[in-house]
Amino acid sequence: INIVVRAYHGSAEHVALDKDVSMVAVATNSMHQKDAAMKVIETGKNLFIKWPAGKNINETKDIYDAARDKGIKTIVGCQTRFAGFALEVKSMISARELGKIYSTNFVSFRSALNLAVPAPMILNRVYQSWMG
């Protein structure tokens with residue numbers, strides 16, 4: 001199989017207008033996702049969008065409605081939700097290892113190894129169980 005991968009720069013609309021592109025991935029900050037996703041949908045291209053899809057439920061619904069109305073296939077990526085460290089944190093919270101949790105806010109950053117890791121508050125404990 002001979003697959004050519006080309007680099008694209010510029011707007012989501014610019015990428016979506018290429019006749020050789022069948023799907024566009026929108027992985028911007030949530031504040032800008034709706035605009036980019038709507039431009040992709042308007043071109044009739046299929047859409048991969050990272051979670052959360054939009055900055056609020058109204059934007060998510062707008063994206064969904066537009067894609068449904070246009071017959072666009074969509075995929076919503078929840079990569080971090082199923083990452084090893086995230087599953088470990090969920091398990092720790094469910095087992096009440098950290099006490100009774102009333103609210104959470106998950107913050108992550110990219111390490112030098114390009115691995116998404118949780119914020120330092122629980123990093124050491126998760127890292128020890130993740131690395132064995």
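# Chat about Val-24 and its surroundings

Trainee: Leaving aside neighbours within four places in sequence, what is Val-24 in contact with?

Mentor: Val-24 is in contact with Val-15, Ala-16, Val-40, Lys-45, Asn-46, Leu-47 and Phe-48. Contact here means heavy atoms within 4.5 Å.

Trainee: And what kind of model is this?

Mentor: This is a predicted model, where local features need pLDDT of at least 70 and side-chain atom pairs count only at pLDDT 80 or more, while totals for chains, interfaces and linings use all residues. Residues are numbered from 1 along each chain as its sequence is written, and side-chain values use heavy atoms, with hydrogens and water left out.

Trainee: OK, back to the inside. Which residues touch the most other members of the largest nonpolar core?

Mentor: Val-24, Val-26, Val-40, Ile-41, Leu-47, Ile-49 and Ile-63 do, out of 16 residues in that core. At least two core residues come from each of helix 1 (12–16), strand 1 (23–26), helix 2 (30–43), strand 2 (46–50) and helix 3 (57–70). Helix 2 gives the most, with four residues. A nonpolar core is a set of buried Ala, Val, Leu, Ile, Met, Phe, Trp, Tyr and Cys residues joined through side-chain atoms within 4.5 Å. Buried means under 20% relative accessible area, exposed over 50%, and partly exposed in between (1.4 Å probe, protein chains only). Helices (H or I, at least four residues) and strands (E, at least two) are DSSP runs, numbered from the N terminus.

Trainee: How many helices and strands does the chain have?

Mentor: Five helices and five strands, running α-β-α-β-α-β-α-β-β-α along the sequence.

Trainee: What about Asp-18, buried or exposed?

Mentor: Asp-18 counts as buried because its relative accessible area is 16%. Asp-18 sits in the loop between helix 1 and strand 1 and touches Arg-6, Tyr-8 and Lys-45, not counting residues up to four places away in sequence.

Trainee: Switching topic: which residues does the cis peptide bond join?

Mentor: Trp-51 and Pro-52, with omega about 0 degrees. Pro-52 is in the loop between strand 2 and helix 3.

Trainee: And what is the phi of Arg-96?

Mentor: Arg-96 has a positive phi of about 60 degrees, although it is not a glycine. Most residues other than glycine have a negative phi, and most peptide bonds are trans.

Trainee: Where is Arg-96 found?

Mentor: In the loop between helix 4 (84–94) and strand 4 (108–110). Arg-96 counts as exposed because its relative accessibility is 53%.
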